[in-house]
Amino acid sequence: MQSEKPQENFRSREQQATLGLLRTADAVKRSLAHLIEPHGITPQQYNVLRILRGAGPDGLPTLTIGERMIEQTPGVTRLVDRLERKELVARTPCPKDRRRVFCRITPKGLDLLKELDEPVNRWDAQAVAVLLPSVTNNTSWK
């Protein structure tokens with residue numbers, strides 16, 4: 001016998017909508033993790049690699065990476081440490097200010113992102129496929 005899910009009581013429609021958004025975001029995040037983690041990195045590490053690829057050969061300071069991340073985290077330095085141990089990121093001290101360190105994606109990191117680009121593109125399309133066609137065909141996003 002299948003047990004029924006208890007009915008949820010919400011204080012307001014706004015609370016119901018907010019909780020729905022949070023649950024949806026969590027489901028999307030777990031789905032992306034399922035795709036990325038077999039490649040030896042977490043979604044947060046993937047985000048750092050994408051940010052550094054976009055920064056180009058000059059790289060970025062650690063604090064700037066943290067500001068650009070999708071999910072704000074106080075542990076950006078630890079994320080970069082792990083990526084550096086995997087040889088996906090390299091750090092270089094700033095010649096003008098030794099307190100600043102620039103992070104750059106390595107060729108190995110670029111190769112990993114290249115390997116993930118197509119599966120992530122397919123995942124992106126699948127993640128939004130349930131939206132109305134008018135939303136997914138919005139030309140202002142292209």
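What share of the contacts in the chain with a separation of 6 or more is accounted for by residues 24 or more positions apart? Such residues account for 48% of these contacts, where contact means heavy atoms within 4.5 Å.

**View 1. Overview of the predicted chain.** This is a predicted model, in which local features need pLDDT of at least 70 and side-chain atom pairs count only at pLDDT 80 or more, while totals for chains, interfaces and linings use all residues. Residues are numbered from 1 along each chain as its sequence is written, and side-chain values use heavy atoms, with hydrogens and water left out. The chain holds six helices and three strands, and along the sequence they follow the pattern α-α-β-α-α-β-β-α-α; helices (H or I, at least four residues) and strands (E, at least two) are DSSP runs, numbered from the N terminus. Of the 142 residues in the chain, 27% are buried, a term for under 20% relative accessible area, with exposed meaning over 50% and partly exposed in between (1.4 Å probe, protein chains only).

**View 2. The open sheet of three strands.** The strand order is S1-S3-S2, with antiparallel pairing; two strands pair if DSSP finds at least two bridges between them. Strand S1 (60–61) and S2 are the edge strands, each pairing on one side only. S1 and S3 run antiparallel and are joined by two bridges, and Pro-61 stands opposite Phe-102 in S3. S2 and S3 pair in the antiparallel sense over five bridges, and the bridge partner of Ala-90 in S3 is Arg-104.

**View 3. Helix H4 and its surroundings.** The buried residues of H4 are Val-76, Leu-79, Val-80 and Leu-83. Seen down the axis of H4, these buried residues fall within an arc of 95 degrees, so they line one face of the helix; the arc is that of the directions from the helix axis to the C-beta atoms. Their cover includes H2, helix H3 (62–68), strand S2 (89–93) and strand S3 (101–105), whereas Arg-78 and Arg-85, on the other side of H4, are exposed. Just after H4, Glu-87 takes a positive phi of about 65 degrees.

**View 4. Packing of helix H2 with helix H4.** Helix H2 (residues 43–55) and helix H4 (residues 76–85) pack at an angle of about 80 degrees, with their axes 10 Å apart; axes are lines fitted to C-alpha atoms, for helices over the stretch in contact, and angles run from 0 to 180 degrees between N-to-C directions. H2 and H4 are therefore roughly perpendicular to each other, given that angles under 35 degrees count as roughly parallel, over 145 as roughly antiparallel, 65 to 115 as roughly perpendicular and the rest as oblique. Gln-44, Gln-45, Val-48 and Leu-49 of H2 make the contact with Leu-79, Val-80, Arg-82 and Leu-83 of H4. By class, this contact has five nonpolar, two polar and one charged residues, where Ala, Val, Leu, Ile, Met, Phe, Trp, Tyr, Cys and Pro count as nonpolar, Asp, Glu, Lys and Arg as charged, and the others, Gly among them, as polar.

**View 5. Crossing of helix H2 and helix H5.** The axes of H2 and helix H5 (residues 107–128) come within 11 Å and cross at roughly 110 degrees, which makes H2 roughly perpendicular to H5. H2 contributes Tyr-46, Leu-49, Arg-50 and Arg-53 to the contact, and H5 contributes Leu-110, Leu-112, Leu-113, Lys-114, Leu-116, Asp-117 and Val-120. By class, the contact of H2 with H5 has seven nonpolar, no polar and four charged residues.
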